[in-house]
Amino acid sequence: MRIKSSTKQRVLRMRRCKELDPVKRLVSRLGNQQHIRIAREFLRRMPDLHLKDLVVDAVDPQRRMQINGQWLCNFGSDSYLGFDWHPRVQARLAEAAGEWGLHNGASRMFHSVRLAQEAERSLADWLEVEDTLIFPSVTLANTGLIPALAGRGDLLVVDQHAHNSIQESAKIAIGNRARLRKLHPSTGTSLRKLLRGEDTTGLVLATDGVYSMEGTSPPLAELVQITKEHGGICYIDDAHATAVIGPRGRGMAYQCLGSLKEVLVVGSLSKGFSCMGAFVTCTSELKPLLKMKSNTYIFGGPVPPPYLAAVCEVCDILDSVEYDLILDQLRDRITHLVKGLHSIGYTTLSGTQSPVVSVPIGDIEQTLLVGRRLYDRGLYVQSVTYPAVPFNCGLIRILVNAIHPPESIDLLLNALSDLWPQIQTYK
Ligand SMILES: Cc1ncc(COP(=O)(O)O)c(C=O)c1O
């Protein structure tokens, strides 16, 4: 019998594959997947442009970093307020490490250090809510909470533009038989249309307060109102706004809604707080239920005690006049950058509120090239390309920090001004 040559090749490939050890076989299988093949092709064609997976050898309090012997101004840090270098925050963390050790090594379901309660209380007081519950990261908060809130038969509406961790959490919720609908675009009109005729039992709408790549926001007040009219609740991942947007840094949701009492908001303790972890706002009645239903809370480890102490310290700073000064500094830097970019001719996607300043560039190669040109001048920004943004809609993503010296912003503006003629040829 004649075997077709493609079948023969497949048989040969399988035979060769079976001869490999299991890890090599896995490498070969993953290497054949489309996503990895595309990424490798780019790496092969543009080895110098990619600037991912970099190794930093040293950093300094002016938000510079050293890579391969070169010092760069780092515009890729989401430690927006520079609390990672704040003497009080550093001292409190070191003191707690001496008192509590580095880790308490058990799921919080069994026991939590007293500092966890103190940090949750401090966060609740700051946000003017009854209570909060801390998770080790926003990803783990989303992964634990979303499937806990939307279970069998419930309607889960997810903003298609929301963070990857929300999209992945929705997959778990679907596995638990929640009904998933994607919201796109994230407007009140499209939400009303989506909900028309739907059984809205157990409705939960999950979205971001600030979109991480663009720095823009959905119309939160409208989405919350419509969801409420349909008997549901909004779940808002406000990671990029925590401590930097809204009155006393209470976030985008607080700024849009005036209070967090009728929504669930997840905030980050890693970005504006420069510590580690995340929290969700809740009432004292809801908190034990969230603990009982969130798998990442039950089956995962906690935030280490030194970071909990550091969170308490940051909360104290947020409540002080020093915070106003730090925030003014951040606002000045953002405004200076955004105005400077506009005067050169660049477009930015958000206003002067968000520390995420994203500038549309073009296709993948053009976007990577701009990142590389800046890098060569001692300036690091993130080149964001497909699949993080739509194809041919590459961005340079500039993260502004309060501790950036104004001269660093000027260096960046000068470099981008020199690149402007080249960027115009992309349009
Ligand atoms: C909106 C949003 N949610 C969640 C995350 C993930 O946060 P974490 O690193 O705490 O898991 C990010 C990360 O940048 C984010 O932008």
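1. A residue is called buried here if 20 or more other C-beta atoms lie within 10 Å of its own, and exposed if 12 or fewer do. By that rule every residue named for strand S14 (394-399) is buried: Gly394, Ile396 and Ile398 point one way from the strand, and Leu395, Arg397 and Leu399 point the other way. The model under discussion is a predicted one.

2. The overall division should be kept in mind when reading the rest. The chain is split into domain 1, made of 58-74 and 321-426, and domain 2, which covers 86-318. Taken over C-alpha atoms, the centres of the two domains are 28 Å apart. Domain 1 gives 16 residues to the contact and domain 2 gives 11. On the domain 1 side, the elements that supply two or more residues are helix H14 (321-344), strand S11 (356-362) and strand S14 (394-399). That side of domain 1 is made up of 10 nonpolar, 4 polar and 2 charged residues.

3. S14 has two strand partners to note. S11 and S14 run antiparallel and are joined by 6 bridges; in this pairing Ser358 stands opposite Arg397. Strand S13 (residues 382-384) also pairs with S14 in the antiparallel sense, over 3 bridges. Here Val384 stands opposite Leu395.

4. Helix H14 has 24 residues and reaches 35 Å from its first C-alpha to its last, close to the 34 Å expected at 1.5 Å a residue. Its buried residues are Ile326, Leu327, Leu330, Arg333, Ile334, Leu337, Val338 and Leu341. An α-helix has 3.6 residues a turn, so residues three or four places apart point the same way. What do the buried residues of H14 pack against? They pack against S11, S14 and helix H16 (406-424). After H14 comes Gly345, with a positive phi near 130°.

5. A separate open sheet has 4 strands in the order S1-S2-S3-S12, and its pairing is mixed. Strand S1 (58-60) and strand S12 (379-380) are the edge strands, each with a single partner strand, so one side of each is left without a neighbour in the sheet. S1 pairs with strand S2 (residues 64-67) in the antiparallel sense, over 3 bridges. Within this pair, Gln66 in S2 is the bridge partner of Ala58.

6. Strand S7 (residues 204-208) has 5 of its 5 residues buried, so it is largely enclosed by the rest of the structure. Val204, Ala206 and Asp208 point one way from S7, while Leu205 and Thr207 point the other way. Strand S5 (residues 155-159) runs parallel to S7 and is joined to it by 3 bridges. S7 also pairs with strand S8 (residues 233-237), in the parallel sense and over 5 bridges.

7. Helix H6 (residues 138-149) has 12 residues and spans 16 Å from its first C-alpha to its last, close to the 16 Å expected at 1.5 Å a residue. Why is H6 described as largely enclosed by the rest of the structure? The reason is that 11 of its 12 residues are buried. Among them are Val138, Leu140, Asn142, Thr143 and Leu149.

8. The ligand is surrounded by 13 residues, and the closest are Ser137, Val138, Thr139, His163 and Ser212. The shell around the ligand divides into 3 nonpolar, 8 polar and 2 charged residues.

9. Is Pro87 buried or exposed? Pro87 is exposed, because 7 other C-beta atoms lie within 10 Å, and a residue with 12 or fewer counts as exposed. Pro87 and Arg181 are 94 residues apart in sequence and 47 Å apart in space, C-alpha to C-alpha.

Note on methods
Residues are numbered from 1 along each chain as its sequence is written. This is a predicted model: local features need pLDDT of at least 70, side-chain atom pairs count only at pLDDT 80 or more; totals for chains, interfaces and linings use all residues. Domain bounds come from an automatic or database domain assignment. Two residues are in contact if their C-beta atoms, placed from the backbone, lie within 7 Å. Ala, Val, Leu, Ile, Met, Phe, Trp, Tyr, Cys and Pro count as nonpolar, Asp, Glu, Lys and Arg as charged, and the others, Gly among them, as polar. A residue is near a molecule or strand if its C-beta atom, placed from the backbone, lies within 6 Å of it. The expected span of a helix is 1.5 Å times one less than its number of residues. Two strands pair if DSSP finds at least two bridges between them.
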